[in-house]
Amino acid sequence: MSSSIKNSVKRPTLADVAELAGVSLGSASRALSVPERVKPATLQRVRAAVEQLGYVSNGAARALASRRTYTIGAVFPTMYNQAFVDALQTLQATLWSMNYQVILATHEYQAEREFDVIKTLVERGVEGIVLVGSTHEERVYELLRQRQLPLVLTWQRDEPPYGVSIGFDNWRATYRMAQEVIALGHRAIAVVCGSQANNNRSRQRVDGIAQAMQERRLRLDESQVYEAPFTIEGGRDAARRLLATGKPPTAILCMTDVQALGVLDELGQAGWRVPQDISVTGMDNIEFSALAQPALTTIDVPSRAIGALAARRIVSMVEQTTFIESAELACSLVLRQSLGVPREGG
């Protein structure tokens, strides 16, 4: 398209919308920015005019005038975990229903990259930040504290140095799973987890298992804790390493379903039957866990509820309204075919 043709096309304005709808400029503006405060008949006429004209509001100009962007920054470790995808979906849908939008960023578990990602979101003018977990560099907290930006930390419950947390008790979730495994007679237990150095959730989950074992006079040896990326390949690699010891455990407790799926695949390729030879459990209860062969015993993490709750909480902080919902959600065990009694002589 030539520049002369481009210049001859007049972009519809809010005044054009108001004129076509037969309302004042102020009414048209309110219908688009705060529709709940406009009479239904007026709102319907304005929306019809918008559609007919193909009007698109100037978000940058509106933000400059109101000093509001109605955007929330959400930073997740990765999108390779279905549990995070589920949480993001409900976070976005709930924010949208409250007239907010979300800007997503990931850092792939790189702590040094997370600060740069968050700084970029702050520079974009987001009105609040949602993060996963509470283990973050001090400069992350300091940046948000200096800017006085509302912060919601998800996936665990504790007392962060800044902001508020919502989520579930990671320690208790794996403690209960370990109790179930031990009750079936397992004594040789291995754990597949993520790096514990920069992930408090990972440490809490391993500690929960260790405590359940200790109560039954068992010990979780450090050599039986295999750190691996939260990926299928990470699970495969952990399984190869523990099989290479020559004395594999009777049960492998994985801290994510994604890792567990990798463990299941590697065990099968190596000729080990699940659960007859080795039992395997996961955590998250993603859709694929029920489709695995055998179906994966796991911990149901309320990912979708976390996303929706995080959206409501961050908006309440931005708008400084009272929030009375509980910040803690419950997990539950999902017992399927991948967990059984230990093999003889195990």
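In which loop is Y109 found? Y109 is found in the loop between β2 and α7, helices (H or I, at least four residues) and strands (E, at least two) being DSSP runs numbered from the N terminus. The model is predicted, so local features need pLDDT of at least 70 and side-chain atom pairs count only at pLDDT 80 or more, whereas totals for chains, interfaces and linings use all residues. Residues are numbered from 1 along each chain as its sequence is written, and side-chain values use heavy atoms, with hydrogens and water left out.

Phi of Y109 is near 65°, a positive value in a residue other than glycine. Y109 is partly exposed, because its relative accessible area is 33% (buried means under 20%, exposed over 50% and partly exposed in between, with a 1.4 Å probe and protein chains only). N99, in the loop between α6 and β2 (101-106), also has a positive phi, near 70°. With a relative accessibility of 40%, N99 counts as partly exposed. W96, in helix α6 (residues 82-97), counts as exposed because its relative accessibility is 59%.

Y109 is also among the residues nearest the centre of the second largest pocket, together with H107, Q110, N198 and N199. A pocket is here an open set of points on a 1 Å grid over the protein atoms alone, where a 1.4 Å probe fits, with protein on both sides within 12 Å along at least five of seven lines; lining residues have an atom within 4 Å of a point. The volume of this pocket is about 460 Å³, taken as the space filled by probe spheres set on the points, which are joined across faces, edges and corners. Its lining of 26 residues divides into eight nonpolar, 14 polar and four charged. Helices α7 and α10 (200-215) each supply at least two lining residues.

In helix α8 (residues 138-147), V140, Y141, L143 and L144 are buried. These residues lie on the same side of α8, because they cover an arc of only 160° around the axis, the arc being that of the directions from the helix axis to the C-beta atoms. Their cover includes α7 (111-123), β3 (129-132) and β4 (151-154). Just after α8, Q148 takes a positive phi of about 55°.

Two cis peptide bonds may be described together. One runs from V274 to P275, with omega near 5°, and P275 is found in the loop between α12 (257-269) and β9 (279-281). Another joins Q293 and P294, with omega about -5°; P294 is found in the loop between α13 (287-291) and β10 (298-300).

Definitions and conventions
Contact means heavy atoms within 4.5 Å. Ala, Val, Leu, Ile, Met, Phe, Trp, Tyr, Cys and Pro count as nonpolar, Asp, Glu, Lys and Arg as charged, and the others, Gly among them, as polar.
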